[in-house]
Amino acid sequence: MTKRGYDVTVFEALHELGGVLKYGIPEYRLPNRIVDNEIETLERSGVKFVKNCLVGKTVTVEQLKEEGFKGLFVATGAGRPNFMNIPGENYNNILSSNEYLTRVNLMKGIEESSETPIPYGKKVIVVGGGNTAMDSVRTALRLGAASATIVYRRSEEEMPAGLEEIIQAKDEGVQFMNLHNPVSYEADDQGNVCRVILQKMELGEPDSSGRRRPVPIEGALIKMDVDLVIVAVGVSANPIFANSVEGLQLSKWGTIEVDEKQETSIPMIYAGGDITRGGATVILAMGDGKRAAAEMDAKLQQA
């Protein structure tokens with residue numbers, strides 16, 4: 001939009017710019033300096049950034065319209081982590097992958113002076129089989145874990161993570177316990193997780209996703225000592241913006257529905273990335289943004 005001659009303002013809810021590129025992707029995969037360089041380029045091109053501003057709470061869409069904004073692109077992502085809701089999941093040192101990676105990358109939790117230090121686990125399990133699970137388990141290894149294990153309820157063939165991510169994790173020493181699923185956790189007398197009870201699984205008939213459904217093997221339970229659990233079983237759409245805009249059409253999963261032009265049910269409000277797709281990729285989000293910019297420009301030219 002800036003290249004097309006528009007004045008553009010980015011409203012960022014957090015205290016630091018960069019979004020998931022900054023707090024969700026580990027430094028070893030995407031160095032922060034690269035993201036910072038991109039942000040500086042945008043600033044030099046005239047983009048204005050407003051931090052610590054949560055649209056829908058700090059300021060409303062109606063207030064932005066009153067200030068003269070003619071179009072809005074929503075890229076609030078899918079930042080609400082899912083949990084399994086099993087016994088013991090609220091014990092200390094059981095974190096979502098979102099919290100774990102954010103505290104490492106954005107909150108500087110690995111520094112001694114950090115106000116939000118992360119727990120350093122020696123026996124770490126990461127529950128899940130996606131790319132975020134791989135990011136989390138490889139980060140735990142880099143932070144000194146003696147063992148870091150992926151626990152996934154399906155077989156390796158069904159893992160949603162990229163093959164390259166799986167191979168690299170194995171090369172670095174990550175262990176894989178496929179066809180296992182946590183059913184509960186135990187804690188020590190301090191309330192810190194110390195053990196996970198895993199249910200052995202087998203593959204049944206395909207489910208709606210086309211993958212064979214994992215089925216528990218009756219009576220096949222094992223116990224495993226752990227001191228840090230990272231749960232990476234998916235994310236949900238951030239609801240704050242959507243709940244603040246009357247008439248905005250949502251899917252049954254809470255994502256914002258858009259047409260082929262990335263426009264929502266409300267004219268001149270566009271959306272893209274994980275807030276429309278659920279958990280997806282940076283590349284797809286960038287494509288959504290470019291598509292929306294072209295469509296928003298065309299519509300403004302007609303006005």
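The chat below walks through a predicted model, from its domains to some local details.

User: How is the protein chain divided into domains?
Analyst: In this predicted model, the protein chain is divided into domain 1, made of 2-79 + 235-301, and domain 2, which covers 81-234. Taken over C-alpha atoms, the centres of domain 1 and domain 2 are separated by 30 Å, and the contact takes 16 residues from domain 1 and 16 residues from domain 2.

User: And how much area do domain 1 and domain 2 bury between them?
Analyst: Domain 1 and domain 2 bury about 1,300 Å² between them, with 48% of it on carbon and sulfur atoms. Of the area that domain 1 buries against domain 2, 44% is supplied by Tyr23, Tyr28 and Val235, more than any other three residues.

User: What does UniProt place at residues 4-289?
Analyst: The UniProt record, an unreviewed entry, places the feature "domain: FAD/NAD(P)-binding" at residues 4-289. In the model, that span is 24% helix and 26% strand, and its end C-alpha atoms lie 14 Å apart.

User: Switching to strands, what does β10 pair with?
Analyst: Strand β10 (residues 193-206) is joined by nine bridges to strand β11 (residues 212-225), and the two run antiparallel; Glu202, for instance, has Val215 in β11 as its bridge partner. Strand β9 (residues 180-187) is also joined to β10, by seven bridges and again antiparallel, and there Asn181 has Gln199 in β10 as its bridge partner.

User: How many residues sit in the turns of those hairpins?
Analyst: The hairpin of β9 and β10 has five residues between its strands, and Gly191 in that turn has a positive phi of about 85°. The hairpin of β10 and β11 has five residues between its strands too, with Gly210 in the turn at a positive phi of about 90°.

User: OK, helix α6 next. Which residues are buried there?
Analyst: In helix α6 (residues 163-171), the buried residues are Glu165, Ile166 and Ala169. They cover an arc of only 100° around the axis, which puts them on the same side of α6. On the other side of α6, Leu163, Glu164 and Asp171 are exposed.

User: What covers the buried residues?
Analyst: The cover over the buried residues of α6 includes α5 (131-142) and β8 (175-178). Just after α6 comes Gly173, which takes a positive phi of about 105°.

User: Which residues have a positive phi although they are not glycines?
Analyst: Among them are Gln262, with a positive phi of about 70°, and Met268, for which the positive phi is also about 70°. Gln262 is found in the loop between α7 (240-244) and β14 (269-271), and Met268 is found in that loop as well.

User: Are Gln262 and Met268 buried or exposed?
Analyst: Gln262 is buried, since its relative accessible area is 6%, and Met268 counts as buried at 16% relative accessibility, where the cut-off for buried is under 20%.

User: Last one: where is Gly144, and what does Gly144 touch?
Analyst: Gly144 lies in the loop between α5 and β7 (147-152), where it is partly exposed, with a relative accessible area of 31%. Not counting residues up to four places away in sequence, Gly144 touches Gly121 and Lys122.

User: How far is Gly144 from Lys299?
Analyst: From C-alpha to C-alpha, Gly144 and Lys299 are 53 Å apart in space, and in sequence they are 155 residues apart.

Terms used. Residues numbered from 1 in each chain as written. Predicted model: local features only at pLDDT ≥ 70, side-chain atom pairs only at ≥ 80, totals over all residues. Heavy atoms only, no water. UniProt positions renumbered as here; feature names shortened; annotations may be inferred. Helix = DSSP H or I, 4+ residues; strand = E, 2+ residues; numbered from the N terminus. Pairing = 2+ DSSP bridges. Buried < 20%, exposed > 50% of the residue type's maximum accessible area, 1.4 Å probe, protein only. Arc of directions from axis to C-beta. Contact = heavy atoms within 4.5 Å. Domains from an automatic or database assignment. Buried area = accessible area lost by both parts, 1.4 Å probe.
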